[in-house]
Amino acid sequence: MSELRCEQLRHVYSAGTPFEKVAVDCIDLTFPQGQLVGLIGHTGSGKSTLIQHLNALLTPTSGRVLYDGRDINENKFTRRDIRHEVGLVFQYPEYQLFEETVYKDIAFGPGNMGLDKNEIDERVTEAAGFTGIDRELFERSPLELSGGQKRRIAIAGVIAMRPSVLILDEPTAGLDPAGSRQLLENICAYRAETGSTVILVSHNMDDVARIADRIIVISGGNVFMDGTPAEVFADPEKLVSQGLDVPKATAIAMKLREYGVLPEGSVCTHEQLLAALSSLREVPAC
Ligand SMILES: Nc1ncnc2c1ncn2[C@@H]1O[C@H](COP(=O)(O)OP(=O)(O)O)[C@@H](O)[C@H]1O
Ligand SMILES: [Mg+2]
């Protein structure tokens, strides 16, 4: 079991210059093993800065990040090792593919870990399976493939390191609805099968409401809300006041409550909206 924790984490860009910016402001968070966490918030709220601390790509201005109780920035060895335990998939990761074949791109991370050829092969095959990449593509150049396929290859390259925590920054950005849904299904299946922690940065409230165990709302570099989807979306006005979206089902339930059709109660998925509607014996005319 592994636990990732931020203690009083703070990050200031360009400190001491006119461009100084507090991007993360004293965040305390614990990510227990196996949780699927949705991280949401406005552009510029500090999500990407926060997650880059979780595998030591950024060093805190103050505060600490602990993995199983140990400071990941303790020395250069802990910083190197954490990158194998906490895998980070950047936004638009397909721009970072550079090998001449799909196989080599997925194998790059495990190769860097010093694993032998058979172990690398096993991991590449497994990671391709999780991300829905056909073996027939292994010898093709990633450059010949579609945007969606390239993104799956980039994600497979991180999964192939078998991290215990997988962090994805806006993994469905720019994909069509079918491609997004399929990729999220793959990610959910990966979590279910491996028991990995997954932290998903997303703008799509419907997606996080549907798949996350827990939602953390970041605002101005702070944790604004933290709870189950039902807890977070039980107070949709609080999110709307921050200019954030709510899931479509929550927005419809808010309107129906305004008209006196629905009683109070948290609604964040289509299924919950249907259940709330079908529990009404009589719908008053509005
Ligand atoms: N490399 C950087 N140098 C200076 N400021 C930055 C840098 N990266 C991000 N910022 C600023 O830090 C804040 C948080 O950014 P970011 O973590 O990218 O937020 P998000 O991922 O939620 O959009 C923003 O105001 C952004 O402009
Ligand atoms: Mg970002």
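A polar side-chain atom of Lys47 lies 2.8 Å from an oxygen atom of ligand 1. This is a polar contact (a pair of N or O atoms within 3.5 Å). The model is predicted, with local features requiring pLDDT of at least 70 and side-chain atom pairs pLDDT 80 or more, while totals for chains, interfaces and linings use all residues. Residues are numbered from 1 along each chain as its sequence is written, chains are lettered from A and ligands numbered from 1 in the order in which they are written, and side-chain values use heavy atoms, without hydrogens or water.

A backbone N or O atom of Gly46 is 3.0 Å from an oxygen atom of the ligand. For Ser45, a polar backbone atom lies 3.2 Å from a ligand oxygen. The residues around ligand 1 (a heavy atom within 4 Å) are Tyr13, Lys21, Ala23, His42, Thr43, Gly44, Ser45, Gly46, Lys47, Ser48 and Thr49.

Helix packing was examined next. Helices are DSSP runs (H or I, at least four residues), numbered from the N terminus. Axes are lines fitted to C-alpha atoms over the stretch in contact, and angles run from 0 to 180 degrees between N-to-C directions.

Helix H3 (residues 102-112) and H5 cross at roughly 30°, and their axes come within 7 Å. H3 is therefore roughly parallel to H5 (an angle under 35 degrees). Their crossing is right-handed (the near helix is turned clockwise from the far one by less than a right angle). Val102, Asp105, Ile106 and Pro110 of H3 make the contact with Ile153, Ala156 and Gly157 of H5 (heavy atoms within 4.5 Å). Five of these residues are nonpolar, one is polar and one is charged.

H5 (residues 147-159) also packs with H6 (residues 177-194), at roughly 10° and with axes that come within 12 Å. H5 and H6 are therefore roughly parallel. This crossing is right-handed. Arg151, Arg152, Ile155 and Ile159 in H5 meet Gly179, Gln182, Leu183, Asn186 and Tyr190 in H6. The contact has four nonpolar, three polar and two charged residues.

H10 (residues 248-258) and H11 (residues 270-278) pack at about 25°, with axes 8 Å apart. They are therefore roughly parallel, and their crossing is left-handed. Ala249, Ile252, Ala253 and Leu256 of H10 contact His270, Leu273 and Leu277 of H11. Six of the contact residues are nonpolar, one is polar and none is charged.

Terms used
Helix = DSSP H or I, 4+ residues; strand = E, 2+ residues; numbered from the N terminus. Parallel < 35°, antiparallel > 145°, perpendicular 65-115°, else oblique. Nonpolar A, V, L, I, M, F, W, Y, C, P; charged D, E, K, R; others polar. Polar contact = N/O pair within 3.5 Å; in protein donor to acceptor, adjacent residues only side chain to side chain.
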